[in-house]
Amino acid sequence: MMPKPTLTERRSPWVVFTSHADPWLASETAALVQRSGLVLRLDGREMRDPASVFRTFARELSFLGCFGHNWDALVDCLQDWHGPGHGNQDLAILIEHADHLLKSDFLGPFVSVLAQAAWNSNLRLDADGELDEWRQRIAQHFVFVLDRTAPAAFTETAARGMDVAVALADSRLLLTLTDVDWPRGDPAAPWTAGPLSFADEEILSGTTVKAVETFRHHLGCSSHEALYILQARAEHLHREHRTAT
């Protein structure tokens with residue numbers, strides 16, 4: 001059974017996509033603040049490409065001037081963040097109005113980077129996979145807050161991120177990192193590692209009903225959610241075909 005996502009505990013899922021009206025979001029952010037944690041709110045409408053993602057994070061989190069404005073540098077700055085008002089408190093970063101990121105070709109790398117930063121911040125493992133006693137662990141999580149788009153619609157694109165695994169539960173999209181390269185991060189849960197290519201044959205042959213059932217079987221999602229995933233996967237395959245020809 002999929003455990004409920006958290007903003008206060010040091011465990012996955014590291015990244016959550018959910019509605020702005022989700023009661024879980026209001027409850028968890030209130031609980032985090034009550035525990036003297038920090039909730040930072042970024043505007044997803046500013047994130048039009050990787051460069052604007054880096055600028056937004058650098059500005060809102062007051063990164064040092066040496067920030068390299070690339071994905072690796074973003075991981076480094078997030079896992080060792082020392083911004084204003086931050087005294088090793090637990091941290092939740094909310095990316096609000098994130099709907100338009102659905103069509104962004106950088107979403108996969110983006111969510112993978114956020115999950116890597118959260119994994120490092122929450123677990124603080126050394127090179128041998130043991131707890132690093134010299135670095136304080138903090139709960140760090142990321143939430144994409146959606147105004148009108150169903151979280152399931154982001155499943156296929158997000159699952160293309162490096163080492164990302166996904167799950168759908170309670171109308172939320174949850175993301176973690178695969179166990180092989182990122183150990184000790186996952187509670188027992190039915191994660192599905194991407195990319196979500198297991199229905200490609202059905203999609204390309206036009207057998208939509210069978211493709212929907214394949215997604216439902218692999219992801220344990222509803223037919224409605226499976227249709228969102230199928231549509232995104234079909235668009236991706238068609239783009240790949242056009243590029244190849």
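These legends accompany close-up views of a predicted model.

**View 1. Confidence along the chain.** The chain has an average pLDDT of 91, and 92% of its residues score at least 70. Among the elements of the chain, strand β1 (residues 15-19) has the highest mean pLDDT, 98. The lowest mean, 90, belongs to helix α8 (residues 223-244). Where pLDDT is low, predicted coordinates should not be read in detail.

**View 2. The aromatic pair of Phe110 and Phe144.** A pair of aromatic rings is described by the distance of the centres and the angle of the planes. The ring centres of Phe110 and Phe144 are 5.6 Å apart and the planes are at 80 degrees; an angle over 60 counts as edge-to-face, so this pair is edge-to-face. Phe110 belongs to helix α4 (residues 107-123) and Phe144 to strand β4 (residues 140-146), so the pair ties together parts that are 34 residues apart in sequence. Both Phe110 and Phe144 are buried. Ring pairs also join them to others: Phe17, Phe54, Phe57, Phe63, Phe67, Trp71, Phe106, Phe110, Phe144 and Phe154 are linked into a cluster.

View 3. Phe198 and Phe215 make an edge-to-face aromatic pair, with 5.6 Å from centre to centre and 65 degrees between the planes. Phe198 sits in the loop between β7 (192-193) and α6 (200-205), while Phe215 is in helix α7 (residues 208-219), so the pair ties together parts that are 17 residues apart in sequence. Phe198 has a relative accessibility of 24% and counts as partly exposed. Phe215, at a relative accessible area of 0%, is buried. Thr214 is also found in helix α7. Thr214 is buried too, with a relative accessible area of 13%. Leaving aside residues up to four places away in sequence, Thr214 touches Phe198, Ala199 and Glu202.

**View 4. The largest nonpolar core.** This core has 63 residues. Those with the most contacts inside the core are Phe17, Phe57, Leu74, Leu78, Phe110 and Phe144. Helix α4 gives the most to this core, namely 10 residues. Another core, of 15 residues, lies apart from the largest one, and its members include Val16, Trp24, Leu94 and Val143. What does Leu78 touch, not counting residues up to four places away in sequence? The list for Leu78 is Phe57, Leu61, Phe63, Ile93, Leu114, Ala117, Ser121, Gln140 and Phe142.

View 5. In helix α3 (residues 71-79), the buried residues are Trp71, Ala73, Leu74, Val75, Leu78 and Gln79. An α-helix has 3.6 residues a turn, so residues three or four places apart point the same way. The cover over the buried residues of α3 includes α2 (50-60), β3 (91-96), α4 and β4. Asn70 caps the N-terminal end of α3, with a side-chain oxygen 3.2 Å from the backbone nitrogen of Asp72.

**View 6. Helix α8 from end to end.** Helix α8 has 22 residues, and at 1.5 Å a residue these should span 32 Å. The end C-alpha atoms of α8 are 31 Å apart, which agrees with that span. Buried residues of α8 are Glu225, Ala226, Ile229, Leu230, Ala232, Arg233, Ala234, His236 and Leu237. Among the elements that cover the buried residues of α8 are α5 (155-158), β5 (164-169), α6 and α7.

**View 7. Two cis peptide bonds.** The peptide bond from Ser12 to Pro13 is cis, and its omega is near 10 degrees. Pro13 is in the segment before β1. Gly194 and Pro195 are also joined by a cis peptide bond, with omega about 0 degrees. Pro195 is in the loop between β7 and α6.

**View 8. Two positive phi angles.** Ser62 is a residue other than glycine with a positive phi, near 50 degrees. Ser62 is placed in the loop between α2 and α3, and at 40% relative accessibility Ser62 counts as partly exposed. Asp163, again not a glycine, has a positive phi near 65 degrees. Asp163 lies in the loop between α5 and β5, where its 23% relative accessibility makes Asp163 count as partly exposed.

Conventions
Residues are numbered from 1 along each chain as its sequence is written. Side-chain values use heavy atoms; hydrogens and water are left out. Rings of Phe, Tyr and Trp (its six-membered ring) pair if their centres lie within 6.5 Å; planes under 30 degrees apart count as stacked, over 60 as edge-to-face and the rest as tilted. Helices (H or I, at least four residues) and strands (E, at least two) are DSSP runs, numbered from the N terminus. Buried means under 20% relative accessible area, exposed over 50%, partly exposed in between (1.4 Å probe, protein chains only). A nonpolar core is a set of buried Ala, Val, Leu, Ile, Met, Phe, Trp, Tyr and Cys residues joined through side-chain atoms within 4.5 Å. Contact means heavy atoms within 4.5 Å. pLDDT is the predictor's confidence in each residue, from 0 to 100. A polar contact is a pair of N or O atoms within 3.5 Å; within protein, one must be able to donate a hydrogen and the other to accept it, and residues adjacent in sequence count only if both atoms are side-chain atoms. The expected span of a helix is 1.5 Å times one less than its number of residues.
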